[in-house]
Amino acid sequence: MGEQEDRRPPSRRIADELRAAITRGDLADGARLPSERELAARYDTARNTAREALGILQTEGLAVAQHGRGVFVRTRRPLMRLGRNRYSRQARAETGLSPFRIEVERQGRTPHVECRSVTTVPSPAEVAQRLDLDEEQPVVRRENWYFADDEPVQIGVTYIPAALVADSPLGREKKLGPGSIYQRFEDLGHPITRIREEVSARMPTPEEAAGLDMPPGVPVLDVLHTGVDDQGRPFEVTRFVMRADLNGLDYEMPVED
C-alpha cells in the first residue's frame with residue numbers, strides 16, 4: 001500500500017492529506033489552509049505543485065480562495081430539506097404561501113422569490129411528453145429565482161399549457177397572490193394531488209454557476225417536476241436547478257408489493 005501511495009503525483013498526495021484533515025475536522029469550516037510557500041516547504045516540493053494541490057481541493061468544492069487572503073475550508077451549511085408536504089393544501093391554506101416559502105420559513109430562514117419573466121414559447125420535447133401535448137404546442141414559461149436569506153439557492157422554470165391559462169394570471173402576471181401558483185391552478189379546477197419528480201445531478205452551466213453564486217466544484221440537483229391533478233391530468237412541468245450544497249430532497253413513499 002505504501003508503494004502505491006508513493007506513486008501518487010505529489011500534488012495529489014498533498015491534496016489527499018489536506019482532504020483527510022478536513023474530513024477528520026482537524027481543519028474546521030472557515031480554517032485557513034497552509035499557503036503555497038508553507039506547503040512547498042513542508043512537502044519539499046515546488047510551489048507550483050502546492051498550487052495544484054490547493055486547486056484540486058477547490059475543484060472538489062472543499063476549499064475556496066479569497067483574493068489576497070489565501071485558501072480556506074469551505075463552510076458547510078445545513079441543507080434546506082424540501083419535502084413533498086410543501087405542496088399540501090393545508091399548508092397553503094394555513095400560510096397563504098408558495099411551497100418554497102413554506103419550506104424556507106419552517107427552517108427559520110427568510111424566503112424571497114423573483115419571477116423574472118412570463119412568456120409563451122413552443123413546448124420543449126420533454127415538457128410536451130409529460131403534459132401529453134404535441135411537440136412545440138404553445139406553453140406559458142414562467143422563470144423564477146429563489147433566495148433564502150438573500151442567497152440564491154435555486155432556479156425554477158415552469159411550463160403550463162397555454163390553452164389552460166389563457167384567461168388566468170398564470171399566463172401573464174408575475175405576482176400570483178395568496179397561495180401563489182398552486183392556488184391559482186386550483187382556482188382553474190386543477191388541484192395538485194400528486195407529483196412526479198425525476199432527480200439527477202450534474203455540474204452547473206457557466207450561467208447557472210454565476211447566477212447562483214456557486215463556488216467551484218459544487219454540482220446542482222436537476223429536478224424535473226410534474227404536477228398532476230385529482231383527475232390524473234398533468235397540468236404543469238417545472239425544471240428546478242438547485243445548488244446541491246444548499247438543498248436536499250426528503251421524500252417518504254409507499255413501497256409497492
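A contact here means heavy atoms within 4.5 Å. By that criterion, residues 24 or more positions apart account for 60% of the contacts in the chain with a separation of 6 or more. The model is predicted.

The chain has 9 helices and 10 strands. Its radius of gyration is 23 Å, well over the 18 Å that the globule rule gives for 257 residues, so the chain is more spread out than a compact globule. Along the principal axes, the C-alpha atoms fill a box of roughly 70 × 45 × 40 Å. Of the 257 residues, 44% count as buried. The accessible surface comes to about 14000 Å². Carbon and sulfur atoms contribute 48% of that surface. The side chains include 37 positive and 43 negative ones. The centres of these two sets lie 5 Å apart.

The largest nonpolar core has 23 residues. Leu170, Tyr182 and Phe185 have the most contacts inside this core. Two or more core residues come from each of helix 6, strand 5 (138–148), strand 6, helix 8, strand 8 and strand 9.

Helix 8 spans residues 180–187. Its buried residues are Ser180, Ile181, Tyr182, Arg184 and Phe185. Phe185 is in contact with Ile160, Leu164, Leu170, His190, Phe235 and Glu236, leaving aside its neighbours within four places in sequence. Leu170, one of these partners, is also among the core residues with the most contacts. Just after helix 8, Gly189 takes a positive phi of about 90 degrees.

Leu131 belongs to helix 7 (residues 125–131). Its relative accessible area is 5%, under the 20% limit, so Leu131 counts as buried. Residues up to four places away in sequence aside, Leu131 touches Tyr159, Pro161, Pro234, Phe235, Glu236 and Val237. Phe235 and Glu236 are touched by Leu131 and are also in contact with Phe185. Leu131 and Asp16 are separated by 115 residues in sequence. In space, their C-alpha atoms are 47 Å apart.

Most residues other than glycine have a negative phi. Glu136 is not a glycine, yet its phi is positive, at about 70 degrees. Glu136 lies in the loop between helix 7 and strand 5. With a relative accessible area of 58%, Glu136 is exposed. Asp149 also has a positive phi, near 50 degrees, in a residue other than glycine. This residue sits in the loop between strand 5 and strand 6. Asp149 is partly exposed, at 41% relative accessibility.

Towards the end of the numbering, Asp250 lies in strand 10 (residues 247–250). Asp250 is partly exposed, with a relative accessible area of 43%. Asp250 and Gly68 are 182 residues apart in sequence. Their C-alpha atoms are 40 Å apart in space.

Definitions and conventions
Residues are numbered from 1 along each chain as its sequence is written. This is a predicted model: local features need pLDDT of at least 70, side-chain atom pairs count only at pLDDT 80 or more; totals for chains, interfaces and linings use all residues. Side-chain values use heavy atoms; hydrogens and water are left out. Helices (H or I, at least four residues) and strands (E, at least two) are DSSP runs, numbered from the N terminus. The radius of gyration is taken over C-alpha atoms; the globule rule is 2.2 Å times the number of residues to the power 0.38. Buried means under 20% relative accessible area, exposed over 50%, partly exposed in between (1.4 Å probe, protein chains only). Accessible areas come from the Shrake-Rupley method with a 1.4 Å probe; for residues, only the protein chains shown count as cover. Lys and Arg count as positive and Asp and Glu as negative; His and the chain ends are not counted. The place of a charge is taken as NZ of Lys, CZ of Arg, CG of Asp or CD of Glu. A nonpolar core is a set of buried Ala, Val, Leu, Ile, Met, Phe, Trp, Tyr and Cys residues joined through side-chain atoms within 4.5 Å.
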